[in-house]
Amino acid sequence: MAAEIPLGRADAIKFDSEDPIASARHEFYIPSRAEITQNEKIASPDAPSVYLCGNSLGLQPKLTRQLIDEELNVWAKNGVYGHFRHPNSRPWVTIDETVTSTMAAIVGAKKEEVAVMGTLTMNLHILMAAFYKPVKERYKVIIEHKAFPSDHYAVESQIQMHDLSVDEALVTITPPANSKVLPTDYIISVIKEHASTTTLLLLPGVQYYTGQAFEIQKITAYAKSLGIIVGWDLAHAAGNLELRLHDWDVDFAAWCSYKYLNAGPGGIAGLFVHENQSKRPRLTGWWAHEVKSRFIMDNQMKLQPGAAGFQLSNPSVLDTIALLGSLTVFGKYPMKALRAKSVALTGYLETLLLSRFPDRPFSILTPSDPEQRGAQLSLAFESGVMDEVNQVLQDNGVTCDERRPDVLRVAPMPLYNSFEDVWDFVDELRKAVDLVLTRRNVERGLV
């Protein structure tokens, strides 16, 4: 969004009327202000709340309840026979096949390179068991300094499982002086510095705290040219950015599905293994066995080709069906169109923030370049302000995500958020900031 665009609420409504994918919003349940606040006395209780928290938990697609009810009925009426005899042609024994093709399209992979299974951290462990093979000369893992805690813990434990010292084997990339983010050239310089002793690079597609989107293609190509295995945590990138994992020659990746992919809390996750890496030794389980002979049960492994051969156990049918509810919506709207709206929404948010807060008590951590961010702006407030501001927002039916001590993450989602949502958020934020700062001045005897 250009800075000179009209900034009134009526203009936001006009932008929505011109949005080619505005109909996607009607595919989701948007909590009312009364529902989200649990306060029937709130002003305009039946009005839609402003939900800008899909980077933490996506909203529920309307189709999901119907699909789950169907599976509950099959379970109730068919019992175990639902594994092979299903009235809606979704036998449980191959339930993951209902979502694999769409998931592969979302991350830019071949169907055979994607498996829908487990949870994010579990999948990272499964993948690192196959890809992290330290030797005397090359044993280090490079991650970023503010990796999501679960990633950090997983990498540390993998290093320790090989009887190596975390202090010696773990390299964390810390932003250079006077920077809150990690410039690509700086990342490459750290990789170069440690290349001769590094075996694995694991980075996020989008950094959860700052909202910075990394240059996956460029970083992958450079690290691999030095003989380093490259993996990506796409928790904040899958369903958010246009990805080309196969074409970019990424070795492996993992992601969750409850954020941008709207599969529900704790939803089933996914992983990618490039076809060139699919024959690696790995941890195996029953579901890695080929489908046609799986139930012979002779304990003679016939490994499924591709990423499916990394599966361990049968996936949760209800979790997979919840994901299908969302991916059915994704199937109607190409990632290119979703990304275009995302860039417009986030740009509009940035423009409004800069316009309405000339003396703002926060800085925007997220890069201003649309190519270096997804559907998120991270606002770093002055010390001690964020909690109070966020509480006022919550009390008025506005949902964002806080990261203590001082960061508010704001994520306009192209599938179900509107330009009007963005305008309303900034208007409510202005009121909340004014209220909190006035309250503080009164307490200090300044007014």
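Biologist: Why is K218 called partly exposed?
Modeller: K218 has a relative accessible area of 40%, and since buried means under 20%, exposed means over 50% and partly exposed lies in between (with a 1.4 Å probe and protein chains only), K218 is therefore classed as partly exposed. This is a predicted model, in which local features need pLDDT of at least 70 and side-chain atom pairs count only at pLDDT 80 or more, while totals for chains, interfaces and linings use all residues. Residues are numbered from 1 along each chain as its sequence is written, and side-chain values use heavy atoms, leaving out hydrogens and water.

Biologist: How do you know whether D185 is buried or exposed?
Modeller: The relative accessible area of D185 is 55%, and D185 is therefore exposed.

Biologist: What makes R356 and D427 a salt bridge, and which parts of the chain does the pair tie together?
Modeller: Their closest N and O atoms are 3.2 Å apart, and the pair forms a salt bridge. D427, at 16% relative accessible area, is buried, whereas R356, at 26%, is partly exposed.

Biologist: Why is D401 called buried?
Modeller: The relative accessible area of D401 is 9%, so D401 counts as buried. Its side chain meets that of R403 in a salt bridge, 3.1 Å from N to O, and R403 is partly exposed at 23%.

Biologist: Why are β9 and β12 said to stand at the edges of their sheet?
Modeller: The open sheet has four strands in the order β9-β10-β13-β12, with antiparallel pairing. β9 (362–364) and β12 (401–403) each have a single partner strand, so one side of each is left without a neighbour in the sheet.

Biologist: How do you know that β9 and β10 pair?
Modeller: Two strands pair if DSSP finds at least two bridges between them, and β9 and β10 (residues 377–381) have three, in the antiparallel sense.

Terms used:
Salt bridge = Lys/Arg side-chain N within 4 Å of Asp/Glu carboxyl O. Helix = DSSP H or I, 4+ residues; strand = E, 2+ residues; numbered from the N terminus.
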